[in-house]
Amino acid sequence: MRTCRASAAGKFTVVLATIVVVLTGCGGNPSPRAWAATVCGALTPWRSEIDKLTSSTDEQMTAQTTPAQAKENLVRLFGGAEQASETARRKVEQAGVPETDNGEVISAGFRGSLEKMRDAYGRARDTIDKLSTNEPTAFYAGVRAAVETLNKEYDASALDTSQLNSEELKQAFDEVPECR
């Protein structure tokens with residue numbers, strides 16, 4: 001009797017493992033459409049958050065606040081942008097590598113661009129956090145310098161699209177609803 005049960009349990013395990021492999025698609029990379037949908041699903045809320053934070057930063061730069069209040073708000077805003085960028089980067093990383101030519105290069109490009117943006121926001125946050133608020137003129141000059149550096153670093157972090165020559169991905173980004 002024990003032999004039958006052990007044998008039945010072994011067969012059940014093999015059948016279960018086969019079902020899991022079939023259902024997971026043998027662990028392959030996502031299709032271009034699935035990858036594009038996941039990436040756009042990560043980038044859409046990130047863009048919205050960055051737009052909101054940019055508007056708040058612009059308001060903060062012109063608001064009638066004390067340097068201490070401005071510093072607190074800007075540190076919080078840039079920290080939020082840093083976190084939003086990391087969240088988007090992590091989601092793109094979790095999307096895996098698209099099943100297409102140069103998929104690894106393309107995925108790495110998206111992640112690298114988001115890493116550079118995340119780091120630029122973090123440096124701006126740290127720079128402003130270190131500024132003294134004792135002298136308002138010097139403080140706001142330091143903030144302007146930090147924002148100028150951030151803008152340069154942000155522009156430099158833009159994704160190099162010359163490596164994104166996958167027709168499958170271009171079509172997927174044009175077609176999936178998450179990217180519209």
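In this predicted model, K71 is a buried residue without a salt bridge. The nearest side chain of opposite charge belongs to D129, at 4.6 Å.

**The buried lysine**
- K71 is part of helix α3, which spans residues 67-95.
- Leaving aside residues up to four places away in sequence, K71 touches I128, D129, K130, L131, T133 and F139.
- D129 is thus among the residues that K71 touches, but no salt bridge is assigned to K71 because the distance of 4.6 Å is not within the 4 Å that a salt bridge requires.

**The pairing of α4 and α5**
- Helix α4 covers residues 103-130 and helix α5 covers residues 136-156; the two pack with their axes 9 Å apart, at an angle of about 170°.
- Because of this angle, α4 is roughly antiparallel to α5.
- On the α4 side, the contact is formed by M117, A120, Y121, R123, A124, T127 and I128.
- On the α5 side, V143, A146, L150, E153 and Y154 take part.

**The loop residue N102**
- N102 is located in the loop between α3 and α4.
- The phi angle of N102 is near 60°, a positive value in a residue other than glycine.
- N102 counts as partly exposed because its relative accessibility is 38%.

Definitions and conventions
Residues numbered from 1 in each chain as written. Predicted model: local features only at pLDDT ≥ 70, side-chain atom pairs only at ≥ 80, totals over all residues. Heavy atoms only, no water. Axes fitted to C-alpha atoms, helices over the stretch in contact; angles between N-to-C directions. Helix = DSSP H or I, 4+ residues; strand = E, 2+ residues; numbered from the N terminus. Parallel < 35°, antiparallel > 145°, perpendicular 65-115°, else oblique. Contact = heavy atoms within 4.5 Å. Buried < 20%, exposed > 50% of the residue type's maximum accessible area, 1.4 Å probe, protein only. Lys, Arg positive; Asp, Glu negative; His and termini not counted.
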